[in-house]
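Here are my notes for your review.

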Amino acid sequence: MSPVYFDHNSTTALKTEVLEEMLPFMANQHGNAASRHSYGRTARAAVEHAREQVANAVGAYANQIVFTASGTEANNFVVQGICSNLEPAQILTSAIEHPCVSRPALVMQARGWKAHSIKVDENCNLDMAHLQKLLKTPTNLVSVMLANNETGVIQDITKVAEMAREHKAYVHTDAVQALGKMPMDFFAQNVHAMTVSSHKIGGPLGAGALVLDKRIDIQPLLYGGGQEKGLRSGTENVAAIVGFGAACELAVKNLTAFDMHAENLRKRLEASLSNMHAVIFGRHGLRIPNTSFFAFPNIDGETLVTALDKAGFAVASGSACSSDSGEPSHVLLAMGVDEDLARGAVRVSFGASNTLEQVKQFLGALESELARLKNLTAIAA
Amino acid sequence: MERLPIYLDYSATTPVDPRVAAKMIPYLTEHYGNPASRSHPYGWEAEKAVENAREEVAKLVNADPREIVWTSGATESNNLAIKGAANFYAASKGKHIITVATEHKAVIDPIRELERQGFEATFLEPEPNGLLDLAKFKAAIRPDTVLASVMLVNNEIGVIQDIESIGKICRENNVIFHVDAAQATGKVKIDLETLPVDLMSFSAHKTYGPKGIGALYVRRKPRIRIEAQMHGGGHERGMRSGTLATHQIVGMGEAFRIAREEMASENERIRMLRDRLVNGLQEIEETYMNGDLTHRVPHNLNMSFNYVEGESLIMAVKGIAVSSGSACTSASLEPSYVLRALGRSDELAHSSIRFSIGRFTTEEDVDYTIKLLKEKIGKLRELSPLWEMFKDGIDISKVQWASH
Amino acid sequence: MAYSDKVLDHYENPRNVGSLDKNDPNVGTGMVGAPACGDVMKLMIKVNDAGIIEDAKFKTYGCGSAIASSSLVTEWLKGKTVDEAYAIKNSAIAEELALPPVKIHCSVLAEDAIKAAVADIKAKKLAKVAA
């Protein structure tokens, strides 16, 4: 039997309706969107339709969407691309960013920029006073993620944008985990750039996008055939882009229902976790409703995750990309969580397919594992 | 419903082989894990599939799987190889790069970008047959030459460069050698154990795999280092971060497996079709083949039709899907820079058609194409004042045209 | 490139393709453009003694819009006086064929061809008068 999948923030299953839309572009509609014959024009029309769908999901115009191969690429593109065209100054990223935002900032540091990280408080909320202080130094770009992949905490991006704009800095938000889980509005959020990704919302792997204020002069990351108005060369991955568009349309349509469903599951989960004396990270912040990140004092997370896997539940310890590193989550450390407790963290992230029954089974399994592990610890002591 | 034109544009992109699609689908539906997830079987399953595919890609080119880095396509591979190696070795070797004027834009434009960053580049003109003169290549090497990039098979004219000899010259002169092989896989045999190549770019969608996936070969012995262009989770041993698109990788692996197993017989069949096409089209007066006649892949036929204009020619042959120039630049009205580099006049460059034949092309497709071309070229020439002048014995190159 | 239906119609069924006798004193020829620019238009008009264009023929080496522009003007020219012909503006051609901005030069070329053909016939007639 397949394990119950509670790791939807890592990647989530492709929706059947999305696959249906993609299949023709994996079969006889195989044209290169740059070709002028009918195969090419069909591919081009499909890409442009998907562009509308993505734009619609984030409240932007279609001509603001630059398709990339992933969220990682879009984040690298925006950080390196915007800053490279400006006089080197400061780049500010929050302490809880995904490494595909913070590492490019460090790379720019090696080229003469200054990378600084903006603190967060114990609830995973951005320290606005710290941001205000940092902004006194000339700044090219402020990048703060909309919803954190580990804790699910949502930042007040509109406020961040207002502060950054006052200091003539560009604002970017990595909205990869937010899309499909909360309402999105590029203009209301008042940012210059926003990253979104397909495979986190039931679309395929292999497509992402940067939503961009068109007035910004940005340097490409990939040079070549001049696709995406010269901003991102490379043959368009038509099938994945079509899937991304279809997934965006579904995400918008299902947003309210999904949020209510996920919130319901999480309420049940966290009520029991509290009874089990778990520490739930970021629970006092505003969170996307599908994510719960928690730890039990004196219980090793890796051991717990392995045990839960044996019991048939796929969960994550920290984020997938760094889950082989053994290092405690940088997000939790930034929140001031004790290193030992952070090392024990487990992330549950729900998808539309999860049920209340699965949550109950999970809690049962968790309870017996905890009892067993506590016994072991007691014996060892 | 409008009947789909006959597809003769396999060099722009190939259909996904049904066997490849069948192999990909399960990774879109049940095995959807993130291969970087280490804590559950969804992740392990995906990782296993990614590693199997890496082996298949390595096998086609006789490399070690550890030498294969996944990318989003040949454009990214070329960018990563060129910018990555140039930046890594600039301090120790120098800042001069050699390439060829007929390379794909995904090689030329990253080098142009490096020029803006302070590198110097030599863009060698090929001989009129499209091949690089080895002596000219050797002469272009300077003490500060860090990198050379030469494509194996040209996308527009299909000529095969002598990569082995060029690589040897690079080795002798301590120059890093990158080869764009996007158009070569499944068409020419590639043995990286013997070829003196340091970096090689691959694409899946030119070899019956999906779009959005490619790979870069990075030699281990002697070890070649590159600076990553995409940073983040540290995937692909730090050379290229980003969640791996499992289904696309699986598709590329399967496509390259099929290529390895079927290349020999497929090339024979395609050669026969190409010869049939050449013979048919050469019955039309005033046609010119572009690119060397022997050192070329059988899949590509690039021909110029004199005294007809390129765009109206493309309009006239709507019944077949072909390219004039490469797909990536065909939205512009500029004549093909590749054909101009061969010394073709603007007119002949404009009126060229690239026919590219592939796995699903039939004899009937070829015969239809010949018939269509004969009829349409005839019609356009009837309309053409240049054809009339040519028939009247006027040398068009001597005519003084009013400047416009 | 999306062509309008009118461009496609003229391209598929060009009107008045061909040549007139260039040695006929009543025939004026205009040849404009250059092969290197991708367009060459040859327009021939036959003008009677009343100054009315009785016949018009063309040959064009060029894109679909260039072919359509020259085909269209041959239709327009017949029955017009040379002065009326001379007054035809490229904007009227572009409008009739709904040419996209990148193809406006085709209509300019067609206007130039008319002007060249009219100039040629006027020169011929003047030469005749002088002789």
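The model is a predicted one.

1. In general, most peptide bonds are trans.

2. B:R237 belongs to the loop between β8 and α7 of chain B. Its phi is positive, near 50°, and the residue is not glycine. Most residues other than glycine have a negative phi. B:I226 is in the loop between β8 and α7 as well. Is B:I226 buried or exposed? B:I226 counts as buried because its relative accessible area is 10%, and the cut-off for buried is under 20%. B:I226 and B:G186 are 40 residues apart along the chain, and their C-alpha atoms are separated by 27 Å.

3. **Positive patch on chain B.** Five residues make up a positive surface patch: B:R220, B:K221, B:R223, B:R225 and B:R237. B:R223 lies in the loop between β8 and α7 of chain B. With 57% relative accessibility, B:R223 is classed as exposed; the cut-off for that class is over 50%.

4. **Chain A overall.** Chain A contains 12 helices and 12 strands. Its C-alpha trace spans about 70 × 55 × 30 Å along the principal axes. How does the radius of gyration of chain A agree with that of a compact globule, and what is its value? A compact globule of 381 residues would come out near 21 Å, and chain A has 21 Å, so the two agree. Of those 381 residues, 65% count as buried.

5. **Positive phi in chain A.** A:C124 has phi near 75°, which is positive in a residue other than glycine. A:C124 is placed in the loop between β4 (114–118) and α5 (128–134) of chain A. A:C124 is buried, because its relative accessible area is 0%.

6. **Negative patch on chain A.** A:E17, A:E20, A:E21 and A:E249 form a patch of negative charge on the surface. Which helix gives the largest share? Helix α1 (residues 16–26) of chain A does, with three residues. A:E249 is located in helix α8 (residues 238–275) of chain A. A:E249 is partly exposed, because its relative accessibility is 45%.

7. Over all chains, the structure has 50 salt bridges. Side chains of opposite charge can pair when their charged atoms come close. One such pair is B:R257 with B:E261, at 2.7 Å from N to O. Why are they separated by about one helical turn? They are four residues apart in helix α7 of chain B, which means about one helical turn between them. B:R257 is partly exposed, at 22% relative accessible area.

8. **A bridge between chains.** B:K318 forms a salt bridge with C:E12, and the closest N and O atoms are 3.5 Å apart. The pair crosses between chains. B:K318 is in the loop between α8 (310–316) and β11 (320–321) of chain B, while C:E12 is in helix α1 (residues 5–12) of chain C. C:E12 is partly exposed, with 34% relative accessible area.

9. **One more pair, then a network.** In chain B, a salt bridge joins B:D346 and B:R340, with the closest N and O atoms 3.1 Å apart. B:D346 counts as partly exposed at 22% relative accessibility. B:R340 is partly exposed too, with a relative accessible area of 40%. Elsewhere, shared partners link salt bridges into one network of A:R44, A:E48, A:R51, A:E228 and A:E236.

How values were computed. Residues are numbered from 1 along each chain as its sequence is written. Chains are lettered from A and ligands numbered from 1 in the order in which they are written. This is a predicted model: local features need pLDDT of at least 70, side-chain atom pairs count only at pLDDT 80 or more; totals for chains, interfaces and linings use all residues. Side-chain values use heavy atoms; hydrogens and water are left out. Patches are made of residues with over 30% relative accessible area and no salt bridge: like charges are joined within 9 Å, nonpolar side chains (Val, Leu, Ile, Met, Phe, Trp, Tyr) within 5 Å. Accessible areas come from the Shrake-Rupley method with a 1.4 Å probe; for residues, only the protein chains shown count as cover. A salt bridge is a side-chain nitrogen of Lys or Arg within 4 Å of a carboxyl oxygen of Asp or Glu. Lys and Arg count as positive and Asp and Glu as negative; His and the chain ends are not counted. The place of a charge is taken as NZ of Lys, CZ of Arg, CG of Asp or CD of Glu. Helices (H or I, at least four residues) and strands (E, at least two) are DSSP runs, numbered from the N terminus. Buried means under 20% relative accessible area, exposed over 50%, partly exposed in between (1.4 Å probe, protein chains only). The radius of gyration is taken over C-alpha atoms; the globule rule is 2.2 Å times the number of residues to the power 0.38.
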